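Hi everyone, thanks for coming. Let me put the sequence and the structure up on the screen before I start talking.

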Amino acid sequence: MYTFDSRIRYSECDSQARLTLAALMNYFQDGSTFQSEALGVGGDYLKDNNLVWVLSSWQIVVSRYPKLCEEVEIGTFPYGFKGCFGFRNFFMRTKEGEILAQANSLWTLLNLKEQTMAYPTDKMKQVYVLDQRLPMEYADRKIAVPGGGVREEPVLVKKHHLDTNNHVNNVQFVDMAMDSLPPDFVIGQIRAEYKMQAHLGDELIPYVVRDAERCIVSLQSPEGKPYAVVEFAG
């Protein structure tokens with residue numbers, strides 16, 4: 001398990017001085033990056049081996065959004081490998097041990113040179129010590145998109161949406177989808193399924209389905225192919 005401490009910053013808060021969902025996701029993403037770098041299988045190692053981990057799905061359950069200046073601990077660990085896939089948990093908790101949020105994620109290892117899926121290397125399997133998965137209620141990673149939705153204004157991919165892999169970062173997809181939420185919607189859980197990479201200049205059209213308990217946003221190409229599907233539940 002890898003953990004690090006932080007303090008909720010003003011730049012990470014919403015209008016109610018609470019941590020935003022995007023900032024929470026960035027904490028989780030940073031945690032997995034920090035662990036990989038500490039174990040010697042981070043960015044340089046992946047680049048040297050023509051490999052990249054691509055996030056396939058998220059499930060994040062939020063019990064409480066911490067407030068400005070609150071001290072928190074972020075933790076993460078892998079709990080399994082299956083073929084070309086890696087499974088990883090995350091959590092954020094207070095210094096007193098209160099669980100603020102926990103998450104499950106599925107990652108796919110890709111060979112950039114061959115443009116194919118790849119198996120974890122012997123070094124990865126050696127240094128990533130597997131832990132018992134968190135005792136949370138695990139949801140299906142596949143998200144069904146009902147009919148009867150509406151199409152909203154397209155979003156053009158710009159430079160600030162991109163990460164080091166030169167495609168839209170997983171958090172940016174969720175941030176785009178959040179613009180389709182009602183203003184008073186409090187997110188208790190999100191599921192995100194990533195289907196296709198988006199690059200600079202691509203146009204993403206939100207297809208939105210809302211009901212009393214949830215909002216599903218499918219970010220699609222002009223031809224209707226989904227880049228990412230995000231489900232928000234209260």
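I'll walk through some strands, then the core, one serine, a helix pair and a loop residue.

Two notes on the source first. This is a predicted model, where local features need pLDDT of at least 70 and side-chain atom pairs count only at pLDDT 80 or more, while totals for chains, interfaces and linings use all residues. Residues are numbered from 1 along each chain as its sequence is written, and side-chain values use heavy atoms, with hydrogens and water left out.

Let's begin with strand E3, residues 71-82. Helices (H or I, at least four residues) and strands (E, at least two) are DSSP runs, numbered from the N terminus. Is E3 enclosed or open? Because 9 of its 12 residues are buried, E3 is largely enclosed by the rest of the structure. Buried here means under 20% relative accessible area, exposed means over 50%, and partly exposed is in between, with a 1.4 Å probe and protein chains only.

Who are the partners of E3? Strand E1, residues 2-7, runs antiparallel to E3 and is joined to it by 6 bridges; two strands pair if DSSP finds at least two bridges between them. In that pairing, Asp 5 stands opposite Glu 73. Strand E4, residues 85-94, also pairs with E3 in the antiparallel sense, over 10 bridges. Here you can find Phe 77 opposite Asn 89, and Pro 78 opposite Arg 88. E3 and E4 make a hairpin with 2 residues between them, and Gly 83 in the turn has a positive phi of about 60°.

Now follow E4 onwards. E4 is mostly covered, with 7 of its 10 residues buried. It is joined to E5 by 9 bridges, again antiparallel, and Phe 90 stands opposite Ala 103 in E5. The hairpin of E4 and E5 has 4 residues between the strands, and Gly 97 takes a positive phi near 100° there.

On to the core. A nonpolar core is a set of buried Ala, Val, Leu, Ile, Met, Phe, Trp, Tyr and Cys residues joined through side-chain atoms within 4.5 Å. The largest one has 56 residues, and Phe 28, Trp 58 and Phe 232 have the most contacts inside it. Helix H1, residues 21-38, gives the most to this core, with 7 residues. A second, separate core of 5 residues includes Phe 77, Tyr 79, Phe 91 and Leu 134.

My next stop is Ser 105, in strand E5, residues 99-111. Ser 105 is buried, at a relative accessible area of 1%. What does its side chain reach at 2.9 Å? That is the backbone oxygen of Arg 88. Leaving aside neighbours within four places in sequence, Ser 105 is in contact (heavy atoms within 4.5 Å) with residues including Leu 55, Trp 58 and Phe 90.

Now the helix pair. The residues of H1 that meet helix H4 include Leu 21 and Met 25, and those on the H4 side include Val 171 and Met 178.

Finally, the loop. Pro 135 sits between helix H3 (122-127) and strand E7 (150-151), and with 77% relative accessibility it counts as exposed. Pro 135 and His 167 are 32 residues apart in sequence and 33 Å apart in space, C-alpha to C-alpha.

That's my tour, so over to you!

Conventions:
Polar contact = N/O pair within 3.5 Å; in protein donor to acceptor, adjacent residues only side chain to side chain.
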